[in-house]
Amino acid sequence: MKNNQEVHCDKCGREVAKLKYLKKVNEGFLCGKCIKENRAKHREFLRREVLKIPKRSDLLKEWAEKRKVREKEQERLRKIYGDAKPEIKSSKKDKLKINTLGLYLTKDERLFLYKKLVQGENPLSSEEANKRIKNLTEQMKILIEDLRNKVKTPLEFRKRFDEGFARLIMEIENEV
Ligand SMILES: [Zn+2]
């Protein structure tokens with residue numbers, strides 16, 4: 001038994017005020033901090049070695065490793081097959097996501113077209129003009145859907161939409 005004159009932890013050597021602050025374990029008399037550390041180590045040992053729970057950092061490493069292997073394999077296939085490499089296509093997934101905001105006629109544009117249609121050299125009736133504008137809107141919708149399936153990039157979409165739109169407007173203007 002230790003006497004009260006030399007109350008220090010047998011592991012870290014830290015002095016404590018009273019013997020009761022040390023705890024007797026196999027290693028000797030240890031301070032609270034060392035006891036806590038030992039317990040944490042033991043818990044860690046149980047988790048990793050007995051229960052075989054992997055560390056999160058180990059898991060992340062493993063995932064990164066797997067991803068690297070997958071990318072290498074894809075690169076290898078690309079080198080062999082080039083662009084001819086068969087791809088599993090899901091038509092819905094391959095559809096270009098397009099923000100259709102601003103692709104339809106605005107109220108002002110409709111009004112402009114309407115005026116043009118009813119005031120031209122061969123003026124249309126109000127009913128006919130409205131029908132023509134409604135038809136144009138429908139054609140724009142079809143154009144957007146059609147391009148959505150055909151083009152791969154928003155830039156290409158924009159270019160081809162503008163072309164298609166100009167063509168639609170020209171058709172209307174030629175009729176007027
Ligand atoms: Zn200690």
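Biologist: How many of the 176 residues of the chain count as buried?

Modeller: In this predicted model, 6% of the 176 residues count as buried.

Biologist: Which secondary structure elements does the chain have, and in what pattern?

Modeller: There are 6 helices and 2 strands. Along the sequence the pattern is β-β-α-α-α-α-α-α.

Biologist: What part of the contacts joins residues 24 or more positions apart?

Modeller: Among contacts with a separation of 6 or more, residues 24 or more positions apart account for 35%.

Biologist: Where is confidence lowest, and where is it highest?

Modeller: Where pLDDT is low, the predicted coordinates should not be read in detail. Here the chain averages a pLDDT of 80, and 83% of the residues score at least 70. Confidence is lowest in helix H3, residues 91-94, with a mean of 56. Strand E2, residues 28-30, has the highest, at 92.

Biologist: How are helix H4 and helix H5 placed, by their axes?

Modeller: A pair of helices can be described by the distance and the angle between their axes. For H4 (residues 107-119) and H5 (residues 126-150), the axes come within 9 Å and cross at roughly 135°. An angle over 145 would count as roughly antiparallel, so H4 and H5 are oblique to each other. The crossing of H4 past H5 is right-handed.

Biologist: Which residues make that contact?

Modeller: H4 contributes Arg 110, Leu 113, Tyr 114, Leu 117 and Val 118. From H5 come Ser 126, Ala 129, Arg 132 and Ile 133.

Biologist: What classes of residue are in the contact of H4 with H5?

Modeller: By class, there are 6 nonpolar, 1 polar and 2 charged residues.

How values were computed. Residues numbered from 1 in each chain as written. Predicted model: local features only at pLDDT ≥ 70, side-chain atom pairs only at ≥ 80, totals over all residues. Helix = DSSP H or I, 4+ residues; strand = E, 2+ residues; numbered from the N terminus. Buried ≥ 20, exposed ≤ 12 C-beta atoms within 10 Å, placed from the backbone. Contact = placed C-beta atoms within 7 Å. pLDDT = per-residue confidence, 0-100. Axes fitted to C-alpha atoms, helices over the stretch in contact; angles between N-to-C directions. Parallel < 35°, antiparallel > 145°, perpendicular 65-115°, else oblique. Left-handed = near helix turned anticlockwise from the far one by under 90°. Nonpolar A, V, L, I, M, F, W, Y, C, P; charged D, E, K, R; others polar.
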